[in-house]
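Here are a few exercises to work through with the viewer open. Try each task before you read its solution.

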Amino acid sequence: MLNYDIVIVGGGPAGLAAAVAAREAGIDKILILERDKELGGILNQCIHNGFGLHTFREELTGPEYAYRFIEKVLDAKIEYRLNTMVMDVSQDRIVTAMSRQDGMYQIKAGAIILAMGCRERPRGALNIPGFRPAGIFSAGTAQRLVNIEGYMPGREVVILGSGDIGLIMARRMTLEGAKVKVVAELMPYSGGLKRNIVQCLDDFGIPLKLSHTVVDIEGKEHLKAVTIAQVDANSKPIPGTEERYTCDTLLLSCGLIPENELSRNAGVDMSMVTSGPIVNESLETNIQGIFACGNVLHVHDLVDYVSEEAARAGENAAKFIKGQLPDSKAEIEVSATDGARYTVPSTINVDRMDDKLTVRFRVGAVYKDSFVSVYFDDERVMHNKKRIMAPGEMEQIILLKDKLTAKPDLKKITVKIESE
């Protein structure tokens with residue numbers, strides 16, 4: 001059996017940043033396991049710009065951003081294995097992996113960092129009626145076909161869902177000569193960043209129809225047309241609002257799901273809201289020595305935040321290896337309510353936290369001129385006004401260690417959205 005101090009599952013932006021941070025914290029025996037043929041993860045197919053503004057103070061494409069971290073991994077001589085599938089992670093931190101070159105083997109890890117990323121919600125989860133003709137793709141699959149494989153999925157396009165990948169593919173398909181006829185979104189708000197709505201739809205005159213969904217798909221061998229309709233407050237189609245669009249391509253951009261089969265099999269406690277692990281201030285799961293970061297933990301809107309979070313996981317995994325993470329004592333529960341959907345982390349042990357702790361969350365609807373309030377038990381300690389908050393953009397608050405240590409009997413921190 002192989003032995004490593006830290007094994008990182010996933011060689012995308014989260015795995016790379018975690019590995020670099022762990023090496024900088026003084027850990028030598030680090031191994032990255034990546035199932036693809038190269039490091040970088042999903043960033044390799046994201047050839048648009050907009051990455052790196054927070055991390056590198058400049059605008060980079062996805063491959064450029066990934067390569068900045070790949071260079072750091074290479075310079076630090078961190079070991080990695082490509083084309084390697086992790087089959088199992090056990091509670092006693094044994095990783096079972098396999099590859100064509102090495103067959104199946106096991107690794108005993110001092111600590112494990114889960115950084116598997118996320119996947120797109122498939123058509124089967126969307127309950128769209130109609131046949132299953134050729135021409136229906138997830139937006140990410142279409143992105144790979146166009147940007148890496150060099151294939152055009154089609155020429156007349158309808159997009160269901162306004163997640164960031166769908167918005168970006170509306171622009172990409174237009175630039176490649178396709179006609180994007182409409183973007184339909186089931187919710188009354190977009191699931192993507194405001195900047196992507198402006199740059200990818202508005203700038204190209206592509207209509208966005210909120211509170212709409214696909215109600216029929218035509219074509220047996222190949223897609224011929226789709227019909228969309230407006231939906232009511234219960235997401236049920238409203239008769240008489242149908243619009244038919246002839247098209248040869250339907251792209252689905254209906255949300256991302258953290259890739260957590262390995263986490264569940266290991267016995268990691270999962271959040272019903274994020275579909276990711278429940279973690280503490282150190283990004284450690286309920287299983288000692290197993291950490292999680294990036295989109296496997298909760299779906300991020302900016303890769304810069306993924307890298308920042310993953311660096312924290314790498315640093316804390318290094319502390320765990322060195323025996324510098326104190327045993328959990330009295331944990332403070334962190335919860336979200338009244339418009340806030342979840343928080344990461346879910347618990348805080350003050351003895352283990354840094355001087356500042358970033359707590360990230362998302363809201364469940366669009367809020368204008370509202371307040372992000374933080375309560376220590378029943379006392380309101382933070383009341384920050386926000387001009388607009390939307391589900392597509394992640395929010396955050398900063399907690400200070402000295403404020404928490406000043407309240408030794410604190411049991412619960414609550415994040416909520418208030419109108420005044």
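**Exercise 1: a bridge between strands**

Arg380 and Glu418 join their side chains in a salt bridge, at 2.9 Å from N to O. Keep in mind that this is a predicted model.

Task: work out which strands this pair ties together, and how far apart the parts are in sequence.

Solution. 
- Step 1: find the elements. Arg380 belongs to strand 22, while Glu418 belongs to strand 24 (residues 412-418), so the pair ties together parts that are 38 residues apart in sequence.
- Step 2: check the surroundings of each partner. Arg380 has a relative accessible area of 40%, which makes it partly exposed. Glu418 comes in at 16%, and because buried means under 20%, Glu418 is buried.

**Exercise 2: another bridge to classify**

Solution. 
- Step 1: place the residues. Arg244 sits in strand 14 (residues 243-246) and Glu218 in strand 12 (residues 212-218), so these are distant parts of the chain, 26 residues apart.
- Step 2: read off the accessibility. Glu218, at 24%, is partly exposed.
- Step 3: zoom out. The structure holds 19 salt bridges, and Arg35, Arg119, Glu259 and Glu261 are linked in a network of them.

**Exercise 3: ring geometry**

Task: what is the arrangement of the rings of Phe56 and Tyr65?

Solution. 
- Step 1: count. The structure has 4 aromatic pairs.
- Step 2: classify. For Phe56 and Tyr65 the ring centres are 5.5 Å apart and the planes meet at 70°, so this pair is edge-to-face.
- Step 3: look around. Both Phe56 and Tyr65 are buried, and together with Phe69 they make up one aromatic cluster.
- Step 4: Arg68 lies over the face of Phe56, 5.0 Å from the ring centre.

**Exercise 4: a pocket**

Task: which strand gives the most to the lining of the second largest pocket?

Solution. 
- Step 1: size it up. The volume of the second largest pocket is about 530 Å³.
- Step 2: find the centre. Out of 21 lining residues, Lys194, Ile388, Met389, Ala390 and Glu393 are the closest to it.
- Step 3: pick the strand. Strand 22 gives the most, with 4 residues.
- Step 4: sort by class. The lining has 11 nonpolar, 3 polar and 7 charged residues.

Notes
Residues numbered from 1 in each chain as written. Predicted model: local features only at pLDDT ≥ 70, side-chain atom pairs only at ≥ 80, totals over all residues. Heavy atoms only, no water. Phe/Tyr/Trp six-rings, centres within 6.5 Å; stacked < 30°, edge-to-face > 60°. Buried < 20%, exposed > 50% of the residue type's maximum accessible area, 1.4 Å probe, protein only. Lys NZ or Arg CZ within 6 Å of the ring centre and 35° of its normal. 1 Å grid on protein atoms, 1.4 Å probe; cavity = no way out; pocket = protein on both sides within 12 Å on 5 of 7 lines; lining within 4 Å. Points joined across faces, edges and corners; volume = space filled by probe spheres on them. Helix = DSSP H or I, 4+ residues; strand = E, 2+ residues; numbered from the N terminus. Nonpolar A, V, L, I, M, F, W, Y, C, P; charged D, E, K, R; others polar. Salt bridge = Lys/Arg side-chain N within 4 Å of Asp/Glu carboxyl O.
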